[in-house]
Amino acid sequence: LSKSSAQIRLPRYVRVNLLKTTVEDVLQMFVSEKYEEIENVNPTYTEYIELVRNLQPKQFLRDCHLPELLVFARGTDLHEHKLYKSGAIILQDKQAFLPAYILAPPAGSHVIDCCAAPGNKTTHTAAILHNTGRVFAFDKDGQRLASMRKLTQCVGASGAIQLSHMDFLKVDPTSPQYSRVTHAIVDPSCSGSGIVSRLNELTSVEEPNSKQRLKHLANFQAMILKHALSFPSMQRVVYSTCSIHAEENEGVVKEVEEWCGGRYVLVEIMPTLPGRGEGSFTKCVRMSPERDLTNGFFVACFRRTSACGSKRP
Ligand code: SAM
């Protein structure tokens, strides 16, 4: 990301938690508090971004992709709002909502979230499932998992979510409890180099290690992704990072695609988004602060091919 990215202030993204309320009820509440909804009917992506860029305090619009996502002017602070405190709305940058939206598991699905804490994508997945089915969520960090437990309770998603304090690489894909797992979110630890608020924190100390560090991260990310693809009934896996480095993004996808040997293929996701993966990886999405008014982000989606039966790839 360029230096100018660090100056960009992102809008306030608000996800309506459909486990607790409806979009219409939330809209009514904001309008009753003198917020103004800006018309946003079938704009092009460029028009949509301009509308978001020009939002004034107390104005909002509906996101052009996610039906339950509202976008408020930058600087809007809703942390004290009763809808936030009750778990009816969730405050997170837009890119955090893309993986579960792209995964789109049908009601009743069994899903794994391999690196789940603090739980934004797990709880969004549970909302998409309307708390039907099951989300097996793993994280090896006990503290982060403890705050995730609180979040799942606050947003009313704990019924469908099974939390495990575990290294995902030690989870046995052939265990009978995972026999119906068809969908996965793989959002592993990454360099975080796309996160706008962190751009100014990156110190020169990190520079000498960066190539080595990226290699280490990419190895780990590829291992987690391969492990997720190894579940016997797996059909669809979304891989995401908040990194701008090709090593952690297209590099990982390339390695894993080759390893799959045709048993999984990349799905073209969100074709109307202009930010595409680098090189031949145009089926994947890259978001950037300048172009998309989100943190820097990468998403890829793998789909199982019919050739593949239930063998390990
Ligand atoms: N998906 C999360 C969300 O949307 O809230 C954010 C995940 S964060 C980018 C990466 C997480 O991976 C961290 O919580 C970290 O503890 C966890 N992690 C790292 N290595 C892991 C492993 N081997 N098994 C399970 N979790 C791991």
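## The ligand and its surroundings

The ligand of this predicted model sits in the largest pocket, where 20 residues surround it, the closest being Lys121, Asp139, Arg144, Asp167 and Asp187. By residue class, the shell around the ligand is made up of ten nonpolar, three polar and seven charged residues. Two helices, helix 5 (residues 120-128) and helix 7 (residues 210-229), each contribute at least two residues to this shell, and Lys121, one of the closest residues, falls within the range 120-128 given for helix 5.

## Polar contacts and burial

On the backbone part, an N or O atom of Gly119 is placed 3.0 Å from a ligand oxygen atom, while a polar backbone atom of Lys140 lies 3.3 Å from a nitrogen atom of the ligand.

How much of the ligand's exposed area does the protein bury? Taken alone, the ligand exposes 610 Å², and 90% of that area is buried by the protein.

Five strands form an open sheet in the order 2-3-4-1-5, and their pairing is mixed. The edges of this sheet are strand 2 (residues 36-37) and strand 5 (residues 89-91), each of which pairs on one side only. In general, the strands of a sheet pair through backbone hydrogen bonds, in either a parallel or an antiparallel manner.

At the edge formed by strand 2, the pairing is with strand 3 (residues 59-62): the two strands run parallel and are joined by two bridges. Glu37 has Phe60 of strand 3 as its bridge partner.

## Two backbone features in loops

Which peptide bond is cis, and where is its proline found? The bond from Ala117 to Pro118 is cis, with an omega near 10°, and Pro118 belongs to the loop between strand 6 (residues 110-113) and helix 5. Helix 5 is also one of the helices that supply at least two residues of the shell around the ligand.

The other feature concerns Asn42, which has a positive phi of about 45° although this residue is not a glycine. Asn42 is located in the loop that lies between strand 2 and helix 2 (residues 45-53), and strand 2 is itself an edge strand of the sheet described above.

Key
Residues numbered from 1 in each chain as written. Predicted model: local features only at pLDDT ≥ 70, side-chain atom pairs only at ≥ 80, totals over all residues. Heavy atoms only, no water. Near = heavy atom within 4 Å. Polar contact = N/O pair within 3.5 Å; in protein donor to acceptor, adjacent residues only side chain to side chain. Areas by Shrake-Rupley, 256 points an atom, 1.4 Å probe, with all protein chains shown as cover. 1 Å grid on protein atoms, 1.4 Å probe; cavity = no way out; pocket = protein on both sides within 12 Å on 5 of 7 lines; lining within 4 Å. Sits in = over half its atoms within 2 Å of the grid points. Helix = DSSP H or I, 4+ residues; strand = E, 2+ residues; numbered from the N terminus. Nonpolar A, V, L, I, M, F, W, Y, C, P; charged D, E, K, R; others polar. Pairing = 2+ DSSP bridges.
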